[in-house]
Amino acid sequence: MIGDKGEIAAVLFGYPYHAPAAKGRENKILWVARDSQGAAGIRPGDRLTVKASLAGTHEVATRSIAGGPGPSLVDMPKPGCWKFSLSWPGHSDSLDIEYLAD
């Protein structure tokens, strides 16, 4: 899945995702930034910030992933379509991920 601006890709492992996470399964996402090298590249200590909004509600969940784009577990508090607004040093993008009821 590619972000709206093409700045990041989310490789979804074990899809479909569940909220809460299904027993014996994890909501694994590998975040791959388009520009992960050079002057604007990811450095130790960087973080990927995820501000997720549940469609049709005012519910917002924020997650912070150490190391910037890379492997992660991203659980959401409720099922539904979540709009992920992502930011990391010098970049931002967004994409939607659906979480099903367990």
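Which residue in β7 does Thr49 stand opposite? I looked this up and found that Thr49 stands opposite Ser87 in β7.

**Basis.** I worked on a predicted model, in which local features need pLDDT of at least 70 and side-chain atom pairs count only at pLDDT 80 or more, while totals for chains, interfaces and linings use all residues. Residues are numbered from 1 along each chain as its sequence is written, and side-chain values use heavy atoms, with hydrogens and water left out. I took strands as DSSP runs (E, at least two residues), numbered from the N terminus, and I counted two strands as paired if DSSP finds at least two bridges between them.

**Strand β4.** I noted that β4 spans residues 47–54. Its covered face holds Leu48, Val50, Ala52 and Leu54, and its uncovered face holds Arg47, Thr49, Lys51 and Ser53.

**Partners of β4.** I then checked β7 (residues 80–88), which runs antiparallel to β4 and is joined to it by six bridges. With β5 (residues 60–66), β4 pairs in the antiparallel sense over seven bridges; I recorded Val60 in β5 as the bridge partner of Ser53. β4 and β5 form a hairpin with five residues between them, and in the turn Gly56 has a positive phi of about 80 degrees.

**The sheet.** I traced an open sheet of five strands in the order β2-β8-β7-β4-β5, with mixed pairing. Its edge strands are β2 (17–19) and β5, each of which pairs on one side only.

**The parallel pair.** I found that β2 and β8 (residues 91–101) pair in the parallel sense over three bridges. Here the bridge partner of Ala19 is Ala101 in β8.

Definitions and conventions. Buried means under 20% relative accessible area, exposed over 50%, partly exposed in between (1.4 Å probe, protein chains only). Helices (H or I, at least four residues) and strands (E, at least two) are DSSP runs, numbered from the N terminus.
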